[in-house]
Amino acid sequence: MKGLRKPEGNKFERFFSIVQDEARRRGAVFFADSGEGREFSNELMEGENLSGWLIPFDKADDFEKIFKKSEDPEDWYDYYCFAVWENEKNPIIRFKWY
């Protein structure tokens with residue numbers, strides 16, 4: 001799945017597709033770096049807050065090459081953010097920069 005370094009299982013990937021839907025609404029792709037806790041699980045999916053890069057569509061292919069090699073994306077830090085979920089029964093995602 002685009003935005004993940006490796007397969008994560010069906011329940012998490014269902015959650016991650018919601019993250020990607022919100023990223024698409026913003027004209028971007030979310031590339032997950034790590035889980036940030038605040039986990040949830042229901043009958044359909046499991047997830048948690050995530051950190052990663054919200055990369056505009058026109059730059060996503062270039063970023064993905066670096067991402068897949070697990071290289072340090074030092075020139076991409078401005079795109080680093082957190083994907084924070086709300087409502088575990090029907091999750092919605094908010095992207096936040098701190």
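This is a predicted model: local features need pLDDT of at least 70, side-chain atom pairs count only at pLDDT 80 or more; totals for chains, interfaces and linings use all residues.

Arginine 38 belongs to the loop between S1 and strand S2 (40-41). Its phi is positive, near 60 degrees, in a residue other than glycine.

- Most residues other than glycine have a negative phi.
- Asparagine 87 also carries a positive phi, of about 70 degrees, although it is not a glycine.
- The loop between S5 and S6 holds asparagine 87.
- With a relative accessible area of 46%, asparagine 87 is partly exposed.

**Nonpolar core**

- The largest nonpolar core comprises 19 residues, of which Phe15, Phe16, Val19, Phe30, Leu50, Ile93 and Phe95 touch the most other members.
- Two or more residues of this core come from each of helix H1 (10-25), strand S1 (28-35), strand S4 (50-56), S5 and strand S6 (92-96).
- H1 makes the greatest contribution to this core, with 6 residues.

**Charged surface**

- Glu71, Asp72, Glu74 and Asp75 form a negative surface patch.
- Aspartate 75, one of the residues in this patch, is located in the loop between helix H2 (57-68) and strand S5 (80-86).
- Aspartate 75 is classed as exposed because its relative accessible area is 69%, and the exposed class begins over 50%.

How values were computed: Residues are numbered from 1 along each chain as its sequence is written. Side-chain values use heavy atoms; hydrogens and water are left out. Patches are made of residues with over 30% relative accessible area and no salt bridge: like charges are joined within 9 Å, nonpolar side chains (Val, Leu, Ile, Met, Phe, Trp, Tyr) within 5 Å. Accessible areas come from the Shrake-Rupley method with a 1.4 Å probe; for residues, only the protein chains shown count as cover. A salt bridge is a side-chain nitrogen of Lys or Arg within 4 Å of a carboxyl oxygen of Asp or Glu. Lys and Arg count as positive and Asp and Glu as negative; His and the chain ends are not counted. The place of a charge is taken as NZ of Lys, CZ of Arg, CG of Asp or CD of Glu. Helices (H or I, at least four residues) and strands (E, at least two) are DSSP runs, numbered from the N terminus. Buried means under 20% relative accessible area, exposed over 50%, partly exposed in between (1.4 Å probe, protein chains only). A nonpolar core is a set of buried Ala, Val, Leu, Ile, Met, Phe, Trp, Tyr and Cys residues joined through side-chain atoms within 4.5 Å.
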